[in-house]
Amino acid sequence: MSSKKYTQVMSEFDDDLRLEQLLRKFTSKWHWFLLSVVACFAFTYYLLKIQTPMTLINAKVLINDPTKGGVTAETKLLGQLGTMASSSLANEASILKTKFLMERVVRDMKLNITYFSKGKLRDDELYNSPFIVDLVQPVDTIRTTSFDINFLPNQKIQLISDKLDTTIAYSKPVTVKGLGVFQILKSPSNVAQGSYAFNITSIDKRVESLASQLSVLLPTDPSAVVDISLNYPVPKKGEDILKKLLQIYVETNVNDRNRLADSAYAFIQTRLSYLGGELGSLENNIQGFRQKNSITEMSQQSNLLISNSSQYVNDLAKIETQLSVLNSLQDYMQSNAKGTSIVPSTLVVSDPLFSSLVEKHNALIMERDRRLMTVTETNPIIVNLNEQIARTNSDMLASLSSSKNSLNITRNGLLQRIRSVEGQVQGVPAKERNYLDLARQQKIKEELFIFLMQRGEETAISKTYNTPNSTNIDPPKAETTPYSPRAVIYYAAGILLGLLLPAAIIYLKYLVNNRIDSKRDIVKKTLVPIIGEIGHSKDVGNLLVGNMTRSAIAEQFRALRTNLSFYLKSPTENIILVSSGMSGEGKSFTSINLANVLALSGKRVLLMELDLRKPTLSTKFGITNTIGFTNYVVDKSVTSKDIIKPLEAHENMFIISSGQLPNNPAEMLMSLRASELLNDLRLQFDFVIIDAPPVGVVTDAQLLGDHADFCIYVVRHNYTLKSQLEIVEDLNKNNRMKQLGIVVNDIKIQNGNGYGYGYGYNYGSYGIEAENRGFGKKFGGWFKK
């Protein structure tokens, strides 16, 4: 297999190993997950109980938009009159969402005062309260204030708030700073039972709150049906709020139509009154002229002139009528320079530009008037509307001037044609010509009078057709179940959170762990084979391997003994050095039990306490340390027999203690006497086990490495730092030890790590290779050099 392919396979294997290791950790902490899910489920239940359920109230409204198909005769007439019936569907939807309409609802239903029934976990809003709060004299700027109310005997009421705690009677005025004067009234239909509260807020805040819960959706198909929805905690109250909103919308729409019609009718009646006087005076002048000049019948020439110019005269009368109307509108608008009054558009129907400007102007006027009900003239919104009205007024005057110029050109052309006809007809007496001029003026006035009368009648008739421009095809109705909070989603989220929290904690601990936790941690850091692993023992003693012992740890040391046989094949290869990266990893524990398991097999085994800086073997066995290795090195008269001591643990076990602690331990280990002693002991014993100092702390163990045939490097599960594995890897790479093997000590399997152990053939390894196979069969490939 190529190196690249091998690397890829090992990478995939490593990923699988990591995943399974995490799964092992998760399953080992199953009680964490159980407790977390139960806690999160309970917390979710609490959240559901403290939240106020919100219900969705829906309604469907059909907007009668005359710009779309199905226009009735009435809407056509209203469209000609320039009323708001021609507004687009989007505009009507925007009107439904205006704060002006919602403010009318809040004021009419007194929604700025909210009543609650107090509960243990939450307060529920009431629609029909057992008491009524009457805000007699509110301040200009109301600060939101909440009150708890308790009903006491003898018709007394206890009011409690942040700044007030008092007892009052029904209908007694109460003054609160930042709120005003209010009183508590009895509700005729309900009896007070339990604890209650109420909240008083400003109109504007309540309007904003309700407007944020209102939704108006335009149709995606060609229909004119608008979907309106309101989110509210009390279904019946929400239905009534939405009904009231639609009612005010209809009333406002009809009132706007009527206002436009009234404005146009009043303008027409004023012009008719003025024009009637002019027409009466002109008729008197004609009658006096005929009597004065004795004109009874017209001559043949005059009749011919009338016949030839009649069409021109009729056209001129129409033009003069339109000019008169435009002049009247111009005078009306110039007298209303600030644009404070509605402009009638019923008189000019032939100019679409002017009609659209009038419609926009009138809409702005009505919007400003609605706004002025709640704000002052200095409000930025009013200032902006006034600027738009002024611009629209200027545009209308410019449009009127353009129309007048066009009509004047047409009138001058007609006058030239009439004069041309008069020039062609000779012999008409001067008196009859003057009479014909007066008759022509009369005809023009009559045409204008008739035109205004017709428009006046049409305007009066149109007002009777000012029906609502919308129809409630689906009245407001609350859904049967609250849409929020959704219990299923909350519980699902709670369970998911209950699973994720412990998983995240375990995974985070896994990521930040810098100590050896699994076989993978060792394999990734070093190529030195693992020749054994020793499980955690609850016994406090150091010697755990006995002749009749069948414990898991005893079997693991027997497996270690077997694995060492693969490396120490020659009888002369019998010196084993045991070291570690730092103290506390169990090198002395490993040395004692390895010596014992070797002695049990009939081998003569010598333990050497060569940790000259911190010896512990003598203490563990309870023997004196007055003479030992240091005495042999210093005093040439001391022989090896003088320092070898038998151990009670087994007849085949012996020990050489450290002796007195020297000042120069490294020099003693390098001495010739030390080398001679080790060569002598190699021949006397089957195995010599050297308990050396930690190799990661001092160099003493490396000095002894030249004499050792095999070095056991002890690491401790969840104790040894991963970085310390670099020590044994460095020793291996630089060949500072003849042969190296790692023993993993104090393995705990209850933490969901990759380690496991058992008895005999049931003995398992750690990691994903923990199967019911013998140790050598599982790790034989690792123990090859």
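Let's start on the outside: Tyr507, Leu508, Leu511 and Val512 make up a nonpolar surface patch, and together they have about 410 Å² of accessible area. Patches here are built from residues with over 30% relative accessible area and no salt bridge, joining like charges within 9 Å and nonpolar side chains (Val, Leu, Ile, Met, Phe, Trp, Tyr) within 5 Å. A salt bridge is a side-chain nitrogen of Lys or Arg within 4 Å of a carboxyl oxygen of Asp or Glu, and accessible areas come from the Shrake-Rupley method with a 1.4 Å probe, with only the protein chains shown counting as cover for residues.

Please keep in mind that this is a predicted model, in which local features need pLDDT of at least 70 and side-chain atom pairs count only at pLDDT 80 or more, while totals for chains, interfaces and linings use all residues. Residues are numbered from 1 along each chain as its sequence is written, and side-chain values use heavy atoms, leaving out hydrogens and water.

Leu508, one of the patch members, sits in helix α12 (residues 487-512) and is exposed, with a relative accessible area of 52%. Exposed means over 50% relative accessible area, buried means under 20%, and partly exposed lies in between (1.4 Å probe, protein chains only). Helices (H or I, at least four residues) and strands (E, at least two) are DSSP runs numbered from the N terminus.

Stepping back, the protein has 23 helices and 21 strands. Of its 785 residues, 46% count as buried. The protein exposes about 39,700 Å², with carbon and sulfur atoms supplying 53% of that area. Among contacts (heavy atoms within 4.5 Å) between residues at least 6 apart in sequence, 77% join residues at least 24 apart.

Now to the inside. In soluble globular proteins, nonpolar side chains tend to be buried together. The largest nonpolar core holds 43 residues, and Leu606, Met608, Phe629, Leu681 and Ile690 touch the most other members. Such a core is a set of buried Ala, Val, Leu, Ile, Met, Phe, Trp, Tyr and Cys residues joined through side-chain atoms within 4.5 Å. Beyond its neighbours within four places in sequence, Met608 is in contact with residues including Leu617, Phe629, Ile656, Leu681 and Ile690. A second, separate core has 33 residues, among them Val226, Ile228, Tyr232 and Ile248.

Helix α14 (residues 552-565) is mostly covered too, with 11 of its 14 residues buried. The buried residues of α14 include Ile553, Phe557, Leu560 and Leu564, as well as Glu555 and Arg558. From first C-alpha to last, α14 reaches 20 Å, close to the 20 Å expected at 1.5 Å a residue, where the expected span is 1.5 Å times one less than the number of residues.

Thr630, in helix α17 (residues 629-634), is buried, with a relative accessible area of 4%. Apart from neighbours within four places in sequence, Thr630 is in contact with Leu612, Ser658, Gly659, Gln660, Pro662 and Met668.

The backbone has a few spots worth a look. The peptide bond from Ser484 to Pro485 is cis, with omega near -5 degrees, and Pro485 lies in the loop between β13 (470-478) and α12. Two residues other than glycine have a positive phi:

| Residue | Phi | Place | Relative accessible area |
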